[in-house]
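Hello,

The structure we talked about is pasted below.

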Amino acid sequence: MRAGRVASATVVCHRDTWEFVAAQVGSHPHFRTPALEERENGLVAAVLSGRSMVVMLLALYHVANVSRLKPDSEDTEELTVYADWAMASQVYFATARVLSSAYHEQGDPVVVTIDNRVPARA
């Protein structure tokens, strides 16, 4: 529900993560495929409208909570189902955490960064 109230948000993640997200959303009529901005270390940034964020979150929620319980065919490999579940869950919850605090800090741009690398020590 919060995603629908956001004008736009930037998702920053590894290119492989973005490709996973884009594959889950597919060609849904409410999703607009954004241009990607290249960042360092293989990361990309995608600016999504609230409308596209809603679809992204619904698709990820479906993969994380429904698909793993009911694989779409008997040919679906168990490891693929678990890998999809893990990826979808991480992106979904990272996005949900940012959106849950977005209204407490009015005026700041909404940026979802999915990058759990340990920062370098000085």
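Notes on strand pairing

S8 has S49 in β3 as its bridge partner. The model is a predicted one, in which local features need pLDDT of at least 70 and side-chain atom pairs count only at pLDDT 80 or more, while totals for chains, interfaces and linings use all residues. Residues are numbered from 1 along each chain as its sequence is written, and side-chain values use heavy atoms, without hydrogens and water.

Strand β1 covers residues 8-14 and β3 covers residues 43-49; these two are antiparallel and share seven bridges. (Two strands pair if DSSP finds at least two bridges between them.) β1 also runs parallel to strand β4, residues 110-113, with four bridges joining them. In that pairing, T10 is opposite V111 of β4. Five of the seven residues of β1 are buried, where buried means under 20% relative accessible area with a 1.4 Å probe, protein chains only.

The whole chain

The protein chain has three helices and four strands, in the order β-α-β-β-α-α-β along the sequence. Helices (H or I, at least four residues) and strands (E, at least two) are DSSP runs, numbered from the N terminus. The chain has 122 residues, and 34% of them count as buried. Among its contacts (heavy atoms within 4.5 Å) with a separation of 6 or more, 69% are between residues 24 or more positions apart. Its accessible surface is about 8200 Å², and carbon and sulfur atoms make up 53% of that; the area comes from the Shrake-Rupley method with a 1.4 Å probe.

Regards

Technical notes
Buried means under 20% relative accessible area, exposed over 50%, partly exposed in between (1.4 Å probe, protein chains only).
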